[in-house]
Amino acid sequence: MAKYTPMIEQYLSIKADAKDAFLFFRLGDFYEMFFDDAILASKELEITLTGREGGAAERIPMCGIPYHSAENYIHRLIEKGYKVAICEQVEDPSAAKGVVRREIVRVVTPGTVMDSRMSSEAANNYMVCLSVLDGQLGLSACDLSTGELYVTSFPHSNERLLDEMNIYTPSEILCDEELLPHVRQEFTLGKPVLTTSWLKSDDALVVRQFGDTAWSRLEAVRRRVVSRLVAYLNETQKRSLGQLTQIRSYEPEHFLILDPFTRRNLELVETVRERAKKGSLLWLLDQTETSMGARLLRRWIDKPLMQRAAIESRLEAVDKLFHQFIVREDIRKQLKEIYDLERLVGRVAFGNANGRDMIALRTSLQQIPALLELCLNSPSSTLRELAADVDSCTDVLSWIEAAVMDEPPISVRDGGLIRTGYDEHLDQLREANVNGKRWIADLERREREATGIKSLKIGFNKVFGYYIEVTKSQIGSLPEGRYERKQTLANAERYVTPELKSKESLILEAEEKMVDLEYSLFVQLRERIAAEITRLQKLAEKVAEVDVYQSLATVSAQHRMVKPVLTDGGDLIVKAGRHPVVEAVMNGGTFIANDTKLIRDEEQILLITGPNMAGKSTYMRQVALICIMAQMGCFVPAEQAEIPMIDRIFTRIGAADDLIGGQSTFMVEMMDIQVMTEKATPRSLVIIDELGRGTSTSEGMSIAQAVIEYVHDRIGCKALVSTHFHELAHLESSLGGLRNYCMAVQENGNDVTFLRKLIPGAASTSYGIYCARLAGLPELIIDRAYTLLQGFEYNEATHEGKEKVVREAAVAVEEGSLPMTQAAAPVEPMKVADQEADQRTGVVQLSIFGDEDFSSTKPVKKADPRAERVIASLQAADIMNMTPLQAMQLLNELKQQVKGLA
């Protein structure tokens, strides 16, 4: 075994306690890394890999970073999903006997970041702990920077775990060893997520942290995950966790459940394509003025409520601010000057708040009285009750105002933190320091006069202290015996005098004591404020809530939204509903509004047909978003809205292969529908776009019909289903709760206009080739596609007609109305079938002979498709119910369509 130097031996012993982390080992002004840490860090941080002698035969790999810029390097490693253990000197080197004692003072992980530069201001940074006990899965989530700690539990299932974890999007996960493979598979694909098997608990620590009452109320699995999470935080942070003051236990059933696919499809907090905030529902609704308000708004979107009374309370506040523009703007004005109270208070409790943080806290607290006054005088009972229950913490404000300078330094060890008059002893030291420096200036003036050397100056450095500097050309002018040489430079000499040396000790002693005393006074103030952490956190929560109310009211007023009517029934009725985000990004364009009526036992499923690009997906998404907005306590984009309490929303919208999992688009769709069939209840909303695609037409149509029948007969929930299988329109006659709808289309010659309007009835075609033309496919492809389509339509219509006549003939034989000899003749029934099929489809088969010859292979000419559309339009026209103007418009459209027909 290699023999290392004492310092390297110390490094290895400390590294043994941080095997899964980079060890930043403090040596002077650098953090050094050795061995494998150095090799990996040099690659990840793109820094030079060197080496040093350490007692072994070979040089030890080494790399280092300056300690003053360490945060930037730590940030880069954390973003890549690593841990960093900070090892500092914990004794005075001058007093050390041998190697200076060093210890790990903190382990920085993705879930324990406290530096504001490493975390998004508008999003929480959660770490999550998972554990299974007696078939129940416990989940605890904590944002250390804000002090939030949540815990819940539910029957163990991977799908339910995905639903709940997706709310928190954790950067770090702790879990039982048995859960680790599943967790790593599901949660490390999109971004670096640190996952660790963690089994340690510390119940006594939790009881000290939160009190025995809060602890005893939790069920066993919830106690386990909280205990393990707090034990991990204590072990990595190695300091007080004073910002953790409350365990927030909740039941998942109290919130509308949204699975990961639904959140993604509806683009609640980020877009599907760019994964950006812009273009999401959060982007539209976020008019908050504070970071804590922005985070709370995101939590409301992630977890819409199920309790009607709580939603009504939120809507009441939004409603009053919606109609009180001046009050709303005054509130926004006050909120603009409030910093991120939650994270400021978190840094105070954590012990790393600096002077600038104190000034931000002071500025924020100065705005609170006026903000509370606005709420107390508002017409909203919700805001009045909120403000009446708030402690404005004016005593904390007075402490900061009395102690901290208006422009303190960033570092708490640089001095200049504490106001004059706050501490008598500090004032005395400052006076001595000021007088001492004034004495130095007077001494410089006197020495110049005494020697006649105008360039003489008195300077200071940390190595030699105070000195008198004279250029070498003026050395002869100095009196003998009074100046003692201190340092020789190229062009000057530096001296001290007995008088200067005695005064120097007094000045330096005052400076040193002054800085130490200032730091001590600042730490005392920080600890005094930390003792009031619970009050400050509660204040921050209320300010964030007010901020969300004004944000929702502001957005509602800007985008012509209305207050929804919430019901405990099962009917969902929306008049002139709009997609809030699509409308917002149209840059002044007109969004076509559509009604929605989902009535239990009457019209609970809408089967929507129509072409691509006609607006089916947008319409279905807007219905889901309106429900989510209503249940989070926001106004909705509509003229009127009656919204029932929905417990789950399922969406299957858009193609999505799971390439890594080896699943096709069709398989992913079927898996999503399987979850829906298992989890949906009569209170759920199901949205399926293009049901049955991805397989053959016959199989896709069969599966689509079977799914629709299951939703209708077994689940009985509200559903919006779009499909290109127009043949499924017949379900309206057999399923009492299903209605056919389609997206209206206007044809004018070869031009097609998508009207974006949902109307009753089934569509007759999908206009897929027309959409291909819009996409820019070559005309050669388009023309060939139309030719092939005519052949396919003829063959399909003829085949269907023949099958029908044969079936009717078979039935007639059974009933005795058709002689067996006629039915048995193979040619005649098929000939009759062809004739009837031709009559239905408008197909004319030409022959040089008088009768059709079914054995002939001559080509078949199909009527011009424009003529077919004219006939279809005439057949569909409701002449008796048309106004004269509508009749003239129809006639004009038909005239345009028949132009050029032979």
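View 1. Lys303 sits in the loop between helices H11 and H12 and Glu164 in helix H4, so the pair ties together parts 139 residues apart in sequence. Helices here are DSSP runs (H or I, at least four residues).

This is a predicted model, where local features need pLDDT of at least 70 and side-chain atom pairs count only at pLDDT 80 or more, while totals for chains, interfaces and linings use all residues. Residues are numbered from 1 along each chain as its sequence is written, and side-chain values use heavy atoms, leaving out hydrogens and water.

**View 2. Lys336 meets Glu289.** The closest N and O atoms of this salt bridge are 3.3 Å apart. Lys336 belongs to helix H13 and Glu289 to the loop between H10 and H11, so the bridge ties together parts 47 residues apart in sequence. Lys336 is exposed (over 50%), at 51%, whereas Glu289 is partly exposed (in between), at 21%.

**View 3. Asp406 and Arg419.** Here the closest N and O atoms of the salt bridge are 2.6 Å apart. Both residues lie in the loop between H17 and H18, 13 residues apart. Asp406 is partly exposed at 45%, and Arg419 is partly exposed at 25%.

Methods: Helices (H or I, at least four residues) and strands (E, at least two) are DSSP runs, numbered from the N terminus. A salt bridge is a side-chain nitrogen of Lys or Arg within 4 Å of a carboxyl oxygen of Asp or Glu. Buried means under 20% relative accessible area, exposed over 50%, partly exposed in between (1.4 Å probe, protein chains only).
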